[in-house]
Amino acid sequence: MAILLEQVTAVTMDPARPVLPCAYVVVEGSKIRSVDTQRPLGSFDRVIDGRGKVLMPGLINAHTHLPMTLMRGYGGGCDLQHWLNDYIFPAEDRLDSRSVLAGTQLALAEMIASGTTCVADMYYFCDDIAQAVDQAGISANLSRSLVCFADQNPTQMESWKEMEALYQQWHGYDQGRILVDVSVHAEYTSFACPRLWEQAGRWAADHSCGMQVHISETQSEHQDCIGRHGATPLQVLDRYGVWQNGGLAAHCVWVTDEDMELMARRNITAVHNPMSNLKLASGVARVPQLLAAGVNVALGTDGVASNNSHDMFEEIKLAAVLHKGVQRDPTAITAGQALAMATANGAAALGRSTGVIAPGKDADLILVDFTHPSLVPCHDVLENLVFSSCGARVEMNMARGRIIYEKGEFLTLDLERIMGEMRTYALPHIFPDR
């Protein structure tokens, strides 16, 4: 199927031509065929009028926990450790396959409606998550989080076996739309078993997989690790080969200058989660310094339980303004840099051929309605996207050439059924006393 988007303002994220007014973008199958300022010859199965609209790459959420949508707003007002131990872990103990599926579907509906086309997820019940992703039509890097509180053979752990089964069933599915990463949950949830780190790193390298880890989210996590090992979380995991194939380091609030050098050298992406880090009072990652050190920086929402939204436009705006205030420098993070974190940088982090509107790239594209009063007038397209827009302004979501959401209608998900499943089963099952 060939689709022409005509007379649209294209924010390409391509440095060679970042903004193209009155552009013509042709999508054929799952790929972008051409990007030009002249109408291409030939006929098309569908022509979409882009006047008054901005076309940009679909947003990439590089760190989240999809099923935690079930816990939106639960346990607010706590720091990370109290929040986890007193609220989240007890609720997660009651999760089952059916509730995880419902929570994941709700998360994906929220993401799709606000412009996300690709995610990196770290959780368990991963087969249910993969099925939901498959149905929704977006792309995902999925990982089964590995936790170990006693020294044992990692390959005998149920979580390890689930990771291997997930890889066998889903890695490379639908021409790579679903990929499987390895995930060491964190140093503080596995320090009793360094063999896990060693074997996880080797397995990721042997299978050419990505790696997802929570890193230096809180000051106590960071300092406790130094107390145990004489090294930071990034550094001690590097000793055991966790980063030999690069990876995603979520949060990075307390990383050191030496950590940053290691990240640049090992091709480790820092996934900035500004809203979650502020809500849990974890601190503010030094993103301008990470960028200056040559570290790739992507954006993520974290789980909705600590955000409480999957709207990536919120993260883009916060990432742009937060560091201006902290650094007292209006140039600390530019609008272009903030958009790149949610598009091109995220694509690089997840090993995806997307994040840029250019021929040959995957056709992950969204249309933003720039006729809405909140986006008028428009003196600068990037400024409006970063500081004035929001997920509600997304009019169309196209994932790999397939339109999955348009003008408020979900084309791959049954929202009414999902909401019914949430009300009648998932929430009563997890919170029986509420």
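Reply: This is a predicted model: local features need pLDDT of at least 70, side-chain atom pairs count only at pLDDT 80 or more, and totals for chains, interfaces and linings use all residues. Residues are numbered from 1 along each chain as its sequence is written, and side-chain values use heavy atoms, without hydrogens and water.

Me: Which residues lie nearest the centre of the largest pocket?
Reply: A pocket is an open set of points on a 1 Å grid over the protein atoms alone, where a 1.4 Å probe fits, with protein on both sides within 12 Å along at least five of seven lines. Lining residues have an atom within 4 Å of a point. The largest pocket has 28 of them, and nearest its centre lie Phe-89, Glu-92, Tyr-124, Val-147 and His-185.

Me: Which element gives the most to the lining of the largest pocket?
Reply: Helices (H or I, at least four residues) and strands (E, at least two) are DSSP runs, numbered from the N terminus. Helix H1 (80–92), S7 and S8 each supply at least two lining residues. With six residues, the top contributor is H1.

Me: What is the volume of the largest pocket?
Reply: Grid points are joined across faces, edges and corners, and a volume is the space filled by probe spheres set on the points. For the largest pocket that gives about 560 Å³.

Me: Which residues are closest to the centre of the second largest pocket?
Reply: The second largest pocket holds about 280 Å³ of space. It is lined by 20 residues, and closest to its centre are Gly-210, Asn-245, Ala-349, Leu-350 and Gly-351.
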